[in-house]
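Subject: Structure handover

Hello,

Here is the structure I promised to pass on. Please open it beside this email and read the notes below with it in view.

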There are 2 protein chains.
Amino acid sequence: MTQLLALAVEAARKGEVPIAAAIIDANGVVLARAHNEVEARRDATAHAELLVIQEACRMRGEKYLGDCTLYVTLEPCAMCAQAASLVKIRSLVFGAYDPKGGGVEHGARVFAQPTCHHAPEVIGGMMEAECGALLKDFFAKKR
Amino acid sequence: MTQLLALAVEAARKGEVPIAAAIIDANGVVLARAHNEVEARRDATAHAELLVIQEACRMRGEKYLGDCTLYVTLEPCAMCAQAASLVKIRSLVFGAYDPKGGGVEHGARVFAQPTCHHAPEVIGGMMEAECGALLKDFFAKKR
């Protein structure tokens with residue numbers, strides 16, 4: 001998560017919302033890491049989590065990532081939560097909670113739906129203060 | 001929708017779940033069309049809707065598609081519904097309802113959440129029988 005914070009800081013420097021994610025396999029190997037690229041790609045779906053999930057599938061040539069953990073500095077939105085479910089991510093570890101846009105512990109609560117076919121183990125709030133402070137600083141400077 | 005059905009049939013021929021989607025702009029121009037590519041890309045997130053949203057953003061160089069309509073043969077899942085919300089899609093038209101995996105009228109009901117920042121106009125059930133029959137045939141043959 002400390003490495004992801006550094007990557008999120010880099011994102012902010014480029015004008016991207018400072019959120020970073022990584023996919024780690026069962027052996028602790030980092031398969032993919034990315035920060036948000038909404039501005040660089042001019043695509044509002046270019047969230048860090050979706051980018052690393054797609055990159056990890058590409059790298060492995062496998063449509064599922066059942067042995068992997070998704071680390072991300074902010075609670076995923078419904079899109080990214082459902083993407084994690086679709087690829088059968090084993091665990092999700094996130095930093096700050098996101099009452100406004102989160103889709104795990106808030107809003108759509110994707111994994112809690114009876115129609116959710118795969119729900120990963122979820123650990124929220126890891127380095128919550130640091131992850132949240134980055135976002136607060138970023139938006140404070142933008143205003 | 002008739003053209004999308006043909007594209008979905010093509011998907012089935014390739015062993016993909018027969019779902020197809022397109023993005024049409026305010027002038028009726030097709031910006032992107034795709035069928036599911038989960039098998040071809042070996043990526044369980046390669047849903048038709050996400051592919052066309054990302055392709056339309058790429059084509060236009062714009063992160064939002066506020067004047068566009070997303071057509072798809074099946075009710076989108078939570079990932080694709082949230083992706084449509086993120087790019088501010090104006091309207092969503094879908095074919096068959098999906099009580100097991102849908103995230104619009106079922107499950108996560110993404111657009112109905114108080115935290116949903118943009119909800120498109122939704123028209124469900126267009127050529128519902130034809131769109132649903134394709135999927136039923138596909139899964140019947142697989143079993």
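Residues are sorted by relative accessible area, found with a 1.4 Å probe on protein chains only: buried means under 20%, exposed over 50%, and partly exposed in between.

Two remarks on the source. This is a predicted model, in which local features need pLDDT of at least 70 and side-chain atom pairs count only at pLDDT 80 or more, while totals for chains, interfaces and linings use all residues. Residues are numbered from 1 along each chain as its sequence is written, chains are lettered from A and ligands numbered from 1 in the order in which they are written, and side-chain values use heavy atoms, without hydrogens and water.

**Salt bridges**

A salt bridge here is a side-chain nitrogen of Lys or Arg within 4 Å of a carboxyl oxygen of Asp or Glu. The whole structure has 14 of them over all chains. One joins Arg58(A) to Glu55(A), at 3.3 Å from N to O. Both residues lie in helix α3 of chain A, three residues apart, about one turn of the helix; helices are DSSP runs of H or I with at least four residues, strands are runs of E with at least two, and both are numbered from the N terminus. Arg58(A) counts as exposed because its relative accessibility is 55%, whereas Glu55(A), at 30%, is partly exposed.

Glu37(A) and Arg41(A) form another salt bridge, at 2.9 Å. Glu37(A) is partly exposed at 22%, and Arg41(A) is partly exposed at 44%.

**Between the chains**

How many residues of chain A are in contact with chain B? There are 31, and they touch 31 residues of chain B, where contact means heavy atoms within 4.5 Å. The two chains bury about 2,400 Å² between them, 61% of it on carbon and sulfur atoms. Buried area is the accessible area (1.4 Å probe) that two parts lose on being put together, summed over both.

Two salt bridges cross this interface. In one salt bridge, Lys63(B) pairs with Glu39(A), with the closest N and O atoms 2.6 Å apart.

**A buried charge**

Glu75(B) sits in the loop between β3 (69-74) and α4 (78-86) of chain B. Glu75(B) is buried yet has no salt bridge, and the nearest side chain of opposite charge, Arg109(B), is 7.5 Å away. For charge, Lys and Arg count as positive and Asp and Glu as negative, with His and the chain ends not counted.

Regards
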